[in-house]
Amino acid sequence: MMNLILSRECGNSCPYCFDEAEKQAGQKHFISMEEVGAFAKWAYNARLPYLSLSGGEPFLHPKLGMIVKLFRQNCRDTAIRILSGGVFNKDVLDTISPEDAGIIFNVNEPKDYENPKHFCKVINNIETAIRKGFRIGIGFNVWRLDFDTAFISNLAHRLALPRFTWAVANPINGLPSKAVLPEQYPAFSERCFQMLQEAARLNIEAGLDCSLPLCFFNDAQMGWVRQYHPGTASLMGTCEPPPIDVTPELEVIRCFACSKAARLKLRDFHNQGEIEEWFQKHIDAQLLHKGVFPYCSECQHLKEGRCYGGCLACREEDIGLVREKLNSPSLEQQMDEALGTGKADLALSYFNAANHWLKTDAATFKAAVAASKLGDWTQALRYATKANYNATEFETMRKIREFIASIPSSALDTGVEVAANEGSNVFVSLPVQTVRGKDST
Ligand code: SF4
Ligand code: SF4
Ligand code: SF4
């Protein structure tokens, strides 16, 4: 998902405000029509499938109606939604056609608005938007232990909405925060689970907005969540692909929480996929050698890429280091250099020491080449097969196939493993290579 920040202004008072760093960093309060036009041109060329107009409060942008029309006319295939905190003058709704954009309202419990009138304003605006025919969603950020677990389900029920989205408010890298700390998760997750049970009781589905650790719920809870709230279960573990925020200056940040890690220029990229790949390679992969808990680095879910070990913004010191090391050689470059100087064992040791996310298809293929140079053809085939499985570029796939075809079959330990479970069908697995005491990844 890509979010375009239209406004840094906001009259709301969310205690966990995720836009705080941007409010401080930004030069402009509102995006100019010139930048909107440039973004629309980029989005059209990039065939952007979805776009969220966000803020601050996007409804405070004095030309919101024109902006939505401009996108509708120039990017017909891009689905548009507006992300709002709901504190705005309801007349602005008349400037937008319900056919052109949906609206997601972020709603807090009444006690969390500094101005007590704001909760009523938000609810009035949601009801007005529904009556005008807008497609509406509501979202809820949980940020403290004593939250009302029935609040958001009851509100969705009252508004006749079949689902809501929710997230645990994350800290913002480099800023003081009121977000829940990872060490509070055990008590906190019980209350979140209660919230999901309240939702299921009212036949309302809850989708997760921002990833949570895979161990946030225990195994039994997770089994239940998978059945009743698949939109929550599917987002647990990793935050891939990263949500991307584009500032009014058309700078790109990975997400609000990691806004201090790197800022890119939108026009340097052809499409959303290229931007996601850059962030995954230069930010995510560099940070994922550990997680928010001391035991994450030994967790199989982190090692195998099923979990990010919690929000990246919780790794404040590491984000600073990542920023400093943006131009240092990648794993692939290090392996190339080692292979180029005949040090295949060094190339393999770089590879084995790297985390799951740094082991790209290109790096894994280099590990195959290194293993072959050391005479370990069985391991070379294992690496090459894995690289082939993950590769997406035609040229890379061709090279890997040629490499696999060149492996002398007499050098392989092959076999067919028959796996049988009592009481179940016997099945024959793919040929399994016997690993000779090396890393089997
Ligand atoms: S609505 Fe958004 S920008 Fe405004 S205070 Fe809440 S989180 Fe911050
Ligand atoms: S990596 Fe860390 S946060 Fe993720 S499941 Fe393992 S222990 Fe939990
Ligand atoms: S790093 Fe991931 S979990 Fe943390 S705020 Fe960004 S998208 Fe959400």
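Begin with ligand 3 and select the residues around it: Asn170, Cys210, Ser211, Cys239, Pro242, Pro243, Cys255, Ala257, Cys258, Cys311, Leu312 and Ala313. A residue is taken as near a molecule if its C-beta atom, placed from the backbone, lies within 6 Å of it. Coloured by class, this shell divides into ten nonpolar, two polar and no charged residues. Here Ala, Val, Leu, Ile, Met, Phe, Trp, Tyr, Cys and Pro count as nonpolar, Asp, Glu, Lys and Arg as charged, and the others, Gly among them, as polar.

The model is predicted: local features need pLDDT of at least 70, side-chain atom pairs count only at pLDDT 80 or more, and totals for chains, interfaces and linings use all residues. Residues are numbered from 1 along each chain as its sequence is written, while chains are lettered from A and ligands numbered from 1 in the order in which they are written.

Next, select ligand 2. Of the 13 residues around ligand 2, Pro213, Cys215, Cys296, Cys299 and Cys307 come nearest. The shell of ligand 2 holds nine nonpolar, four polar and no charged residues.

For the next stop, select helix α12 (residues 331-340) and α14, whose axes come within 9 Å and cross at roughly 20 degrees. Axes are lines fitted to C-alpha atoms, for helices over the stretch in contact, and angles run from 0 to 180 degrees between N-to-C directions. Helices (H or I, at least four residues) are DSSP runs numbered from the N terminus. α12 is therefore roughly parallel to α14, a term for angles under 35 degrees. Leu331, Glu332, Met335, Asp336 and Leu339 in α12 meet Ala362, Ala363, Lys366, Val369 and Ala370 in α14, contact requiring C-beta atoms, placed from the backbone, within 7 Å. This contact has seven nonpolar, no polar and three charged residues.

Among the residues making the contact are Phe365 and Ala368 of α14 and Trp377 and Tyr383 of α15.

Definitions and conventions
Contact = placed C-beta atoms within 7 Å. Helix = DSSP H or I, 4+ residues; strand = E, 2+ residues; numbered from the N terminus. Parallel < 35°, antiparallel > 145°, perpendicular 65-115°, else oblique.
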